[in-house]
Amino acid sequence: MPAKKKKITTTLLGKKEPAAFTLVNKTGKSSVVIVCDHASNRIPKKLGTLGLSAAQRKMHIAWDPGTAHIGRYLARKLKAPLLLANYSRLVVDLTRGHDNGECMRDVSDHVKVSGNSRLSKAAQRARLEALYWPYHDEITRLLDSVRARGNVPLLLSIHSFTPSMEGFDRPWQIGVMWKREKELSKKLIEN
């Protein structure tokens, strides 16, 4: 992960708003670390609605419905820690690089996100400092905790699926993606 800036220059979240993430089952001793990067469609009050209607904020473009429920179930069953992102992927997409153009999209699935148009560097930095870096720092801490116990961590990221995206109807019901664990992923698919 690229080096980050430590200096916090602005406050995005109000005092009564949730932190960037919720950590569930923090004492879980499994080698599995579960994350739900798009668990919420919440938008910080300071950002209003990002120019979206209530219906648009409930759409898949804003979050992955159902992932928090699945993540909590798996955390209990696997005795694993679970990290739930508390803000919409439209505020900052935690699955993108901090400098990726899709990290703060101004259009998602043909829906204009006017609150993300022409963001200043300071506004982008405020989102990264309030939401992105704390979330990624916690993932690193959780993975390091597994390693400190002498185990190899398995990062399990839970996402939900929309049957239609960018005008394309997806024929799949479920997907399994992996970077290095092809054999583990094949076993998961078989089961």
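Visitor: Is Leu50 buried or exposed? Take me through its surroundings in detail.

Guide: A word on the source: this is a predicted model. Leu50 is buried, because its relative accessible area is 2% and the cut-off for buried is under 20%. The residue sits in the loop between strand S2 and helix H1, which spans 54–57. Its backbone deserves a look. Most residues other than glycine have a negative phi. Phi of Leu50 is positive, near 60 degrees.

Now the packing. The largest nonpolar core has 32 residues. Leu50 is among those that touch the most other members, along with Leu90, Val92, Leu128, Leu131, Tyr132 and Tyr135. Three elements each supply at least two residues of this core: strand S2 (32–36), strand S3 (82–85) and helix H3 (121–148). H3 gives the most, with ten residues. A further core, of ten residues, lies apart from this one; Val24, Val32, Ile34 and Cys36 are among its members.

Step from Leu50 to Leu90. Setting aside neighbours within four places in sequence, Leu90 is in contact with Leu50, Leu52, Ile61, Ala62, Ser108, Val113, Asn116 and Arg127.

Arg89 has its place in the loop between S3 and strand S4, which covers 107–108. Arg89 counts as buried, because its relative accessible area is 13%, against a cut-off of under 20%. With neighbours within four places left aside, its contacts are His38, Ser40, His60, Ile61, Ala62, Trp63, Asp64 and Cys103. Ser157 is 68 residues from Arg89 along the chain, and their C-alpha atoms are separated by 14 Å.

Back to the core, at Tyr132. This residue forms an aromatic pair with Trp133. The ring centres are 5.0 Å apart and the planes stand at 90 degrees, so the pair is edge-to-face, since that class begins over 60 degrees. The aromatic pair count comes to one. Both partners are buried: Tyr132 has 4% relative accessibility, and Trp133 has 8%.

The whole structure holds one cavity of 30 Å³ or more. The largest cavity contains about 40 Å³. Its lining consists of Ala20, Ala85, Tyr87, Ser88, Val92, Leu94 and Leu131. Six of these residues are nonpolar, one is polar and none is charged. Val92 and Leu131 line the cavity, and both are also among the core residues that touch the most other members.

For contrast, take Lys79. Phi of Lys79 is also positive, near 55 degrees. Lys79 lies in the loop between helix H2 (67–78) and S3. Its setting is exposed, because its relative accessible area is 56% and exposed means over 50%. Leu50, by comparison, is buried at 2%.

Asn151 is placed between H3 and strand S6, which runs 154–157. Asn151 is partly exposed, with a relative accessible area of 31%. Ser31 is 120 residues away along the chain, yet the two C-alpha atoms are separated by 6.4 Å. Beyond its neighbours within four places in sequence, Asn151 is in contact with Ser31 and Val146.

Terms used: Residues numbered from 1 in each chain as written. Predicted model: local features only at pLDDT ≥ 70, side-chain atom pairs only at ≥ 80, totals over all residues. Heavy atoms only, no water. 1 Å grid on protein atoms, 1.4 Å probe; cavity = no way out; pocket = protein on both sides within 12 Å on 5 of 7 lines; lining within 4 Å. Points joined across faces, edges and corners; volume = space filled by probe spheres on them. Nonpolar A, V, L, I, M, F, W, Y, C, P; charged D, E, K, R; others polar. Core = buried A, V, L, I, M, F, W, Y, C linked by side-chain atoms within 4.5 Å. Buried < 20%, exposed > 50% of the residue type's maximum accessible area, 1.4 Å probe, protein only. Helix = DSSP H or I, 4+ residues; strand = E, 2+ residues; numbered from the N terminus. Contact = heavy atoms within 4.5 Å. Phe/Tyr/Trp six-rings, centres within 6.5 Å; stacked < 30°, edge-to-face > 60°.
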